Amino acid sequence: MNLITLENISKSYGEKTLLNKISLSISEGEKIGLIGINGTGKSTLLKILCGIQEYDSGNIITSNSLSMSYLSQNENFYDNATVLEQIFQGNSKEMNLLREYETALENSAMHPDDEKVQKTLLNLTEQMDALDLWNIESNAKTILTKLGIKNFNAKIKTLSGGQKKRICLAQTLITPSNLLVLDEPTNHLDNETIEWLEQYLTSTKSSVFMITHDRYFLDRISNKIFELYNGNLYSYVGNYSVYLEKKLEREQLEISSKQKKDNLLRRELAWIRRGAKARSTKQKARIQRFDELNSQDDTIIQDKIEISTSGSRLGKKVIEIKNLNKSFNGTEFIKNFSFIFSKGDRIGIVGHNGIGKSTLLNIICGKTSPDSGTIDLGATVKIGYFSQDSSNMNENLRVIDYIKEGAEFIRDSNNELISASKMLEKFLFSSEMQWTPILKLSGGERRRLYLLRILMEAPNVLILDEPTNDLDIQTLTILEDYLQYFEGTILTVSHDRYFLDKLANKLLIFKGNGVIDYNTGNYSDYLEKSKSEEKLEMANTPTKNKVKSEKPKSTKLKFSFKEQMEYEKIDSVIEAAENELTSIEAKINSAGSDYMLLEDLMPQKKELEEKLQTLYDRWEYLNELAERIKNS
C-alpha cells in the first residue's frame, strides 16, 4: 500500500532552486536511502515530507493510515527533563498517556498513602492496558540500553552531545509509526550500536526513508535509492551496490547522448554559418530546432572532486610516543601507551564513544597535556587536524576569504600551482558560492569547506577526528581517493566501517580502562578476527564450567547423527545456494529499467543472501567441531 506521494514539488531559496518539480512515493515495507551532495536540499526534502517545512508548489497525497516518526539533526531538548521524559515527548495520544503515567508513578512512590494519587495511577494503568502501551515503555528502555543510555533518570542537561543524539534516535524508534524518516541516524554512534541499528531497521515492518553517509549501512538496509542532484531526483531500485552499477550505466548513456547531440549541433551550426536565409518555413523550423538543441540542459552528474596535491616533505621520524598516561576525574583513558608512527602509516582508531580516542588525538596535537609520558614529533612534521568541532569558523567571512587565510595557492602532484578559487571549484563551490558568507552554508557544506582549508595548508601528517560526519558520500569517495595517494602519515578516529576498510592498514583499538590494543589490517579484518575469537571462547566455555567434585565421565566428543548428515552435505548445499544467488544477480543486471521485475528479484536476492550467511555460520561451526573431534 502506498503511504505518501509527492507530486511535482518545488522549493527555492532566493535564486537557488533546491527541488525542481520532483515526484516520489513511499510504499509499505520500502527502505529508501536519500543521497546527494551537501547543500542540495536533502534535509529540506525530509522536512517537506514530514510537513515541517512549506514548499513553493506541488501536491502531497497521504494515506489515511500514515503515521510518521522523524529524526532531525537539530532536536529540541528540555534540560531539566529526565531521559524517559525526553523520549516520551510528542503530541500523540500514546506519548501523552506515557508521560502522565510516568509522572503518576513518581507521585505514587512519594505519596504511597494518598488515595487520590493511587486512584489516578490505577486509572492510568487501565488506560495503558487498553492501548497496550507496556510494550512501548519496555521497548524504550531496551532501545536506550542498546544505545548505551542506562541511567533513565539522568537529567538531559548533564548529557553529552552524542548521548543526546542517541536519546533522539530512541525517541524516534519507539514512537508508533509506519514510516521512519531519519536524517543521519548513524552520526555519534559507535560500530556496535550501528550494527544493532542495522538489524533493527532491517527487521522492522515500518518503511524507512533516510539520509545517511554510511555506505555499509545504506547497502545492507535499503531496497531503493533516491539521488538528489541539481534540483532533480533520480530513482534506483536496489541497494547502494546496485545504485553504483545503475548510475554508471545511466551516466554512460547520458555521455553518449550528449556526444550525439554535440555532433548534431555542429551540423546545425555549420548550416547556420553558411548564411541560410530565414525566409521559408523549413529554414525557420531548422533555426528553431538549433535554438532548442542549444538550450537543452546537458548536465551530467559529476560526483567526483579531483584532489591531487603535494604536502610538505616528511622525514623518517614522524611521531614517537613513550609511556603515555591520561586520566579524567579518576578514570584512566590512556595507560602506559607507547607507539611509533612511521611515514606512510594509515592508522584507524576505534572503540566505544567516550573511551579516550579523541583525547589521544588532542594530546598528539598539543591541545591537551598528558599526565605523564612523552610525545616526540619529527623536525619536519606539519600536522593538519580535522576535528569534530569546526565551530570556530568566522561565519562572517566569505568562502574564498576563509580558504585564502590558509593559502592562496597550493602545488599539485605535478608541482604546478593551483589557486584557492580553483580548489574551491574542485570541492563543488561554484564561482558564485565562493563569495557567499559562511553563515549561509549548510552544516555539510561547512564541513567540506573546513576540510579544504586543512588540505590547503599542505600538511604531511593528517589527524582526522570523525571525518565522515556530515560529509556527503560523493565528497567522502574522493577524500578516500586522495588519502590513498597521500604520501604522509594518517591517523583517523572513525565509526565509518567503509571508510576504515578503504583507508586503514593498522588499527589502534581502545578497550577501556586505559588499554589500547594494536592490530594489523583494516576494520573488517579485525572484526572477523574478533568474532572468530568470541566463537572459539564460547565453544570452550562449557568445558571450563563443567568442573565437579566427582570424576568426570570419559565421553568421546563426536557428531550427533543430524550433525554428521549436515556436515557431509553442507558444502554442496552452500554451492547450490551460491549458484542460485549468481543466477538472481545476473537477472538483476540484465533487467535494466524493468522495475516490476527488479521489485520481484530484489527480495529473492536478499533472502538468498541471508540464507547463505546462515549456512556460512553453520559451516564454520561444523568444521570447528570436526577439528576438535579430530584432535580429541
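## Exercises on strands and helices

Helix H12 (residues 399-406) packs against helix H14 (residues 443-456) with axes 8 Å apart and an angle of about 30°. The model is a predicted one, in which local features need pLDDT of at least 70, side-chain atom pairs count only at pLDDT 80 or more, and totals for chains, interfaces and linings use all residues. Residues are numbered from 1 along each chain as its sequence is written, and side-chain values use heavy atoms, with hydrogens and water left out.

Helices (H or I, at least four residues) and strands (E, at least two) are DSSP runs numbered from the N terminus. Axes are lines fitted to C-alpha atoms, for helices over the stretch in contact, and angles run from 0 to 180 degrees between N-to-C directions.

### Exercise 1

Classify the packing of H12 on H14, and find which residues meet there.

Step 1. Start from the angle of about 30°. It makes H12 roughly parallel to H14; angles under 35 degrees count as roughly parallel, over 145 as roughly antiparallel, 65 to 115 as roughly perpendicular and the rest as oblique.

Step 2. Look at the handedness: H12 and H14 cross in a right-handed way, that is, the near helix is turned clockwise from the far one by less than a right angle.

Step 3. Find the contacts (heavy atoms within 4.5 Å). H12 brings Val-399, Tyr-402, Ile-403, Glu-405 and Gly-406, and H14 brings Leu-449, Tyr-450, Leu-452, Arg-453 and Met-456.

Step 4. Sort these residues: seven are nonpolar, one is polar and two are charged. Ala, Val, Leu, Ile, Met, Phe, Trp, Tyr, Cys and Pro count as nonpolar, Asp, Glu, Lys and Arg as charged, and the others, Gly among them, as polar.

### Exercise 2

Describe the open sheet that contains E11, E10 and E13.

Step 1. Write the order: the three strands run E11-E10-E13, with antiparallel pairing. Two strands pair if DSSP finds at least two bridges between them.

Step 2. Pick out the edges. Strand E11 (331-341) and strand E13 (372-377) each pair on one side only.

Step 3. Check one pairing. Strand E10 (residues 319-328) is joined to E11 by seven bridges, and Ser-327 stands opposite Glu-332.

Step 4. Place the helix: H11 (residues 357-364) packs on the sheet and touches E10, E11 and E13, its direction making about 125° with that of E10.

### Exercise 3

Which strands form a hairpin with two residues between them?

Step 1. The hairpin is formed by E1 and E2. Strand E1 covers residues 2-13, and strand E2 covers residues 16-27.

Step 2. Their antiparallel pairing has eight bridges, and Leu-6 has Leu-24 in E2 as its bridge partner.

Step 3. In the turn, Gly-14 has a positive phi of about 60°. Asn-8, in E1, has a positive phi near 50° although it is a residue other than glycine.

### Exercise 4

Is Gly-33 buried or exposed, and which residues does it touch?

Step 1. Locate Gly-33 in strand E3 (residues 31-35).

Step 2. Gly-33 counts as buried because its relative accessibility is 0%. Buried means under 20% relative accessible area, exposed over 50%, partly exposed in between (1.4 Å probe, protein chains only).

Step 3. Leaving out residues up to four places away in sequence, Gly-33 touches Met-210, Leu-218, Ser-222, Lys-224, Ile-225 and Phe-226.

Step 4. Compare chain and space: Gly-33 and Asn-223 are 190 residues apart along the chain, while their C-alpha atoms are separated by 8.1 Å.
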